[in-house]
Amino acid sequence: MLLELLLFGAALVGLYFLLHLTVLKMPRCKSDVTLNGKTAIVTGANTGIGKTTAMDLARRGARVIMACRDRGRAEAAIKDIVQETGNNQVVFMQLDLSSLKSVRSFAENFLRLESRLDLLINNAGLLSKGKTEDGFGMIFGVNHLGHFLLTVLLLDRLKASGPSRIVTVSSDGHKGGKVDFNCLTTHRDLSLGDNDFQLLKNYCHSKLCNILFTTELAKRLQDSDVTCYSLHPGIIKTEIARNTGFLWKLVVTPIFAPFLVDAESGAQTTLHCALEPGIEHLSGHYFSSCAPLTNLKARDDATAKKLWELSESFCGLS
C-alpha cells in the first residue's frame, strides 16, 4: 500500500513537471530593446507580475514609477529591484485606484515632476467585495474605472513623448463577462451580490471592460504616435485572490494551484506588448502568449464606445 501511494505521488509530481514543461510553458518576450532615457509607470508594481514587469523595465534602463497604494510594500519592492538591477531610477508615487481623487492627485504630481511618459502599464487588479470611495463596485472601480481615468489624464504627456505605448492587463476570464449598462447606471456596479462566485463573475466583467476600453482607446489614438494593447497574462500565481472568502481558499485555490505559473512567466506578454518592435499596426488588439488574437469577439465597437462615454460621465469628464 505504501509503495502504491509513493508511486502515485511520484506520478503526480511527474505530471506536474510535464505540464509546466509543455502545455503550461509560456513563451518569453524576445525584445532586446533598451530603455535608457525612457519613463514608465507600472500600477500595482509592488508584487506579482507588476513587480516582475517593473524589474525588467528597470533592468533595461528605464526610469520606473511604482504606482502603488501601500508605501511600505512599494518601498520594499523598490529595494529589491534596485538591488537586482543596479538602477536607482525606481521611485514610488502613491496611487489608490479605488479613489478617483487619488488618481487625479497622482496624475497631477506625475505631470508636475516628470517631463515624459513612454510606457503606461495598467497592471493592478483585484478580486474583492465592497465599494470604492466614490461608491462604485470595488472590482469595477479599481480594475476598470481607475485605470480609465489615469490613462485619460496622462494622454497628452504620452502623445508628447511618442512613440509611446499603453498596456492594460486583462484576462481570458473576459470570455465569461458582459457589460450590463442598466446595472452600471443604476447601481454603479457590473452586477449585484458579493459571494465568491459573484466576485468571480464581476472580475470577468471587469476584464471585458479592459478589452473594450483598449478597443475604443485605439480608435481615439489613430492620429497620434501612441498605441495601446490589452492582454491575457496566463493563469498566474499571484496575490489577487487574497481578499476572497474561506470557501474560495478551501475549494477553488487547490483546484487551480497545479496549473498556476510564476509571475516571471506571467509578465512576458505584458513586456512583449510594451517592447516588441513592429506591432504598432496591432494597436487595440488583445494578446495572449506574446501573440495577437485578431478575431476576438469581445472587441465590439458599439459596446466599447458606450462604455467609454459612461466612464467619462462617472469620472466627471463629460
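Tutor: A search of the whole structure finds eight aromatic pairs, where rings of Phe, Tyr and Trp (for Trp, the six-membered ring) pair if their centres lie within 6.5 Å, and planes under 30 degrees apart count as stacked, over 60 as edge-to-face and the rest as tilted. The model is predicted: local features need pLDDT of at least 70, side-chain atom pairs count only at pLDDT 80 or more, and totals for chains, interfaces and linings use all residues. Residues are numbered from 1 along each chain as its sequence is written, and side-chain values use heavy atoms, with hydrogens and water left out.

One of the pairs joins Phe148 and Phe213: the ring centres are 5.9 Å apart and the planes stand at 70°, so the arrangement is edge-to-face. Because Phe148 belongs to helix 5 and Phe213 to helix 7, this pair ties together parts that are 65 residues apart in sequence; helices (H or I, at least four residues) and strands (E, at least two) are DSSP runs, numbered from the N terminus. With a relative accessibility of 0%, Phe148 counts as buried, and Phe213 is also classed as buried, at 4%. The classes are buried for under 20% relative accessible area, exposed for over 50% and partly exposed in between, with a 1.4 Å probe and protein chains only.

Phe148 has a further partner in Trp308: their ring centres lie 4.8 Å apart with planes at 80°, so this pair too is edge-to-face. It links distant parts of the chain, with Phe148 in helix 5 and Trp308 in helix 11, 160 residues apart. Both Phe148 and Trp308 are buried. Ring pairs also link Phe136, Phe140 and Phe314 into a cluster.

The axes of helix 5 and helix 11 come within 10 Å and cross at roughly 85°, the axes being lines fitted to C-alpha atoms, for helices over the stretch in contact, with angles running from 0 to 180 degrees between N-to-C directions. Helix 5 is therefore roughly perpendicular to helix 11 (under 35 degrees is roughly parallel, over 145 roughly antiparallel, 65 to 115 roughly perpendicular and the rest oblique). Helix 5 contributes Phe140, His144, Leu145, Phe148 and Val152 to the contact, while helix 11 contributes Leu307, Trp308, Ser311, Glu312 and Phe314; contact means heavy atoms within 4.5 Å. By class, the contact of helix 5 with helix 11 holds seven nonpolar, two polar and one charged residues, where Ala, Val, Leu, Ile, Met, Phe, Trp, Tyr, Cys and Pro count as nonpolar, Asp, Glu, Lys and Arg as charged, and the others, Gly among them, as polar.

Ser311 illustrates the polar part of this contact. Ser311 sits in helix 11 and is buried, with a relative accessible area of 1%. Leaving aside residues up to four places away in sequence, Ser311 touches His144, Leu145 and Phe148. Ser311 and Phe148 are 163 residues apart in sequence, yet their C-alpha atoms are 7.4 Å apart in space.

Leu184, not counting residues up to four places away in sequence, touches Phe140, Val179, Asp189, Leu190, Leu307, Leu310 and Phe314.

Of the 318 residues, 52% are buried. Among contacts between residues at least 6 apart in sequence, 79% join residues at least 24 apart.
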